[in-house]
Amino acid sequence: MVEMHSSGNEMILWFEQTGRGDVARVGGKNASLGEMVNVLAPRGIAVPPGFATTADAYWHFLKTNNLEGTIAGAIGDYQVGKVTLAETGNAIRKAFLAGEWPDDLATGIVDHYRQLSQRFGKPDADVAVRSSATAEDLPDASFAGQQETYLNIRGEKALLDACKRCFASLFTDRAISYRQVKGFDHLKVALSIGVQTMVRSDKGGSGVMFSIDTETGFDKVVVINAAWGLGENVVQGTVDPDEYVVFKPLLSDLSLSPIVEKKIGAKAIKMIYASGSRATRNVPTSKVERAAAVLDDAAILTLSRWATEIEAHYGMAMDMEWALDGETGALYIVQARPETVQSQRDSASFKAYEITLKGKVLAKGLAIGDSIVAGEVCLIESADDIDDFVDGSILVTSTTDPDWVPVMKRAAGIVTNHGGRTSHAAIVSRELGLTAIVGTGDATAVLHSGQEVTLSCAEGDEGFIYEGSATFSARDVTLHDVPATQTKVMLNMANPAAAFRWWRLPADGVGLARMEFVISNHIRVHPMALAHFERVGDPQVRARIEELTRGYTDKTEYFVDRLARGLARIAAAFHPRPVIVRMSDFKTNEYADLLGGSGFEPDEENPMIGFRGAARYYSPAYRDGFALECRAISRLRNELGFTNVVVMIPFCRSVSEADRVLAVMAENGLKRGESGLEVYVMCEIPSNVILASQFAQRFDGFSIGSNDLTQLTLGVDRDSELLSDLFDEQDDAVKWMIGNVISEAHKAGSKVGLCGQAPSDHPEFARFLVSCGIDSISVTPDSFFKVKAQVASAEAEGS
């Protein structure tokens, strides 16, 4: 090990000589690197070594070359309108590049570089040269990336040249503009240069990681973006990366793997080392690389644990960059700074958007934020055409970089072809509070200037671009003064992508999570077509299933993996509160609409009371499909760790059927009572009420499905327009059923809840349920506050 030493020159410091209190000397980026090297590296978090020039070095360079006057004069002319921003920046940067290195400063940089090279046994180590402004990464100066970074710099001359370019980059057009807006004095902001050993991620992968969900502010997850090669493509948004989401509270248990989402991005290009005058270049990725995940589960979990440790040390949500060395397989954290958008929002209030009438979907991508905006498209293909932008329109382009910021500030919304949640376009849109959809793939091909469109980011983590101006509403939601109630008020959830939007609601859990939504939207294939692919005859259907399951050696694993992770997002959003997952409750015609489903489903005259619910689970016609559902729930609870998940059986007609279903579940690893597993039953058939005491011996709770119970009690088709006036959940016969099952269940020690809109639409129905002693009511998120108030009022009246 080579001993590292400083020459006593306070203009250059090893990272070990700096810490988070040194922002004024070495800027936020380098101060953070020093903090991690000193405090977190001993705890096992790998950080590449290096050194930093101080603010004193910057001022020394300015004084040696008499640049203060040059800068002041150029900025003064710009501020009074004598010259343009571009002319100002160009003049100042040229003056920097023409400057000469002070001998002592150049000698100090070269001496530290030699020591760094010697440490790694190389004559000329390859290093990253990064800029760290003394005002960058402060709470009120959140636009990181104002200055330049240079990768794969090798040799003393190349290093000094890159360092000079870093100094000059303090006066890029975007940096000058930003300081003007923020009111920073240009001659009171210095720049520190960080020289850090390169990680050979050109042969591996790299990316960005947040210790908070960047769209909703959900603070219990780590979000990781990953691509092959060096990390600039992810940061700049020129590549569509993988995305992994990990639930932090379960990371402390090393036996669990709480990865709640794994999306494989296109990753069409990667940045690698170049030779000659170019330090790096982009090349296409192989088909294998595009289809594969950059990180395996072990690496995802390692990075996530590092993220939680870094966050805990700093005491705030963090934005980190990481790299995977392709030569050694080692992971590194190469940067860490505070997250400056979601962590500073008021968590007790937010806006809730809802879209009603909308046109056809023109394109879709990743939703940035959760708002909706309508406007005219302004398509700008190249930064050379920025002057053509029409203020107040929706900017549509391939990708953005910091040079686009001035025009982004004048946009109503942003759409890009490429980029992930951590791309430049996404980060700046969040900071500006803009509705944005990134990574659409084809927006510049399918949209045109002057076209009226609506951007919707209010439907989960997928953003939609609709034709025309949609009808939508926005309302302010505040969490202050939510009344406490003895009766639990829970949520009905279906879409995993939207689950994180509602994490702030003080709900008592999820009373109904609809498995069939995940199957139809995230899996799209009939489970029997995966369990018995050989029975799928249609060549086009077979090809589509092959395409969807690419990357899975076992097609059934596709179903189990995607179902488990889809449900995990809902379970994570409300953990450790209970999340009641209803096993699939499609009707046969709905099952038949799934890919490959038509060959496995009978044609029924009345699917509503046909081959549905519990009857399917033990039938040879679906038993193998139900086994996959059970495997997914078992993985969700036992491998991912979400033991807050409760299983619920729908449409269970008889006690003997209940026994058969419970036996099949046990055969597939879901035994009631084992590892705390609770099993509920839907109460939606009169027999569930009539034999409530016997059902209560077999299940831990009931959930009243008021729609089906009303239909079957009154003999009214709930979908019949002719009989709509007879369909009444508050009919005395239905109320007798509800009151009776609550009474019988409580006698047997079982819990009872109700899922439905009636308590929201009818305050008197909420009072009736409370008077019967119901344990919980489950409603849609937009009805939560109304029902909570109704329940509180009913409880007050009854006390």
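Here is a tour of confidence, a helix, a loop residue, the cores and the cysteines.

**Before you start.** This is a predicted model, where local features need pLDDT of at least 70, side-chain atom pairs count only at pLDDT 80 or more, and totals for chains, interfaces and linings use all residues. Residues are numbered from 1 along each chain as its sequence is written, and side-chain values use heavy atoms, with hydrogens and water left out.

**Colour by pLDDT.** This is the predictor's confidence in each residue, from 0 to 100. The chain averages 92, and 97% of its residues reach 70 or more. Now select residues 1–8: pLDDT stays under 50 there, and the model has 17 contacts (heavy atoms within 4.5 Å) beyond four places in sequence for them. Where pLDDT is low, the predicted coordinates should not be read in detail.

**Select 67–79.** This is helix α3; helices (H or I, at least four residues) and strands (E, at least two) are DSSP runs, numbered from the N terminus. The expected span is 1.5 Å times one less than the number of residues. Leu67, Ile71, Ala74 and Ile75 are buried (under 20% relative accessible area; exposed is over 50%, partly exposed in between; 1.4 Å probe, protein chains only). Seen down the axis, the buried residues of α3 fall within an arc of 95°, so they line one face of the helix; the arc is that of the directions from the helix axis to the C-beta atoms. Show α2 (55–64), α4 (85–98) and α7 (173–182), which are among what covers them. Just after α3, glycine 81 has a positive phi of about 85°.

**Jump to threonine 134.** It sits in the loop between β3 (126–133) and β4 (149–154), and is buried at 13% relative accessibility. Beyond four places in sequence, its contacts include Val23, Gly27 and Lys188.

**Find the cores.** A nonpolar core is a set of buried Ala, Val, Leu, Ile, Met, Phe, Trp, Tyr and Cys residues joined through side-chain atoms within 4.5 Å. In the largest, of 111 residues, Phe642, Ile649, Met665, Phe702, Ile704 and Ile738 touch the most other members. Helix α17 (residues 555–574) gives the most to this core, 12 residues. A second, separate core of 44 residues includes Ala57 and Val110.

**Last stop: cysteines.** How many disulfides does the structure hold? There are 0, a disulfide being a pair of cysteine sulfur atoms within 2.5 Å. For cysteine 683, the nearest cysteine sulfur, that of cysteine 755, is 11 Å away.
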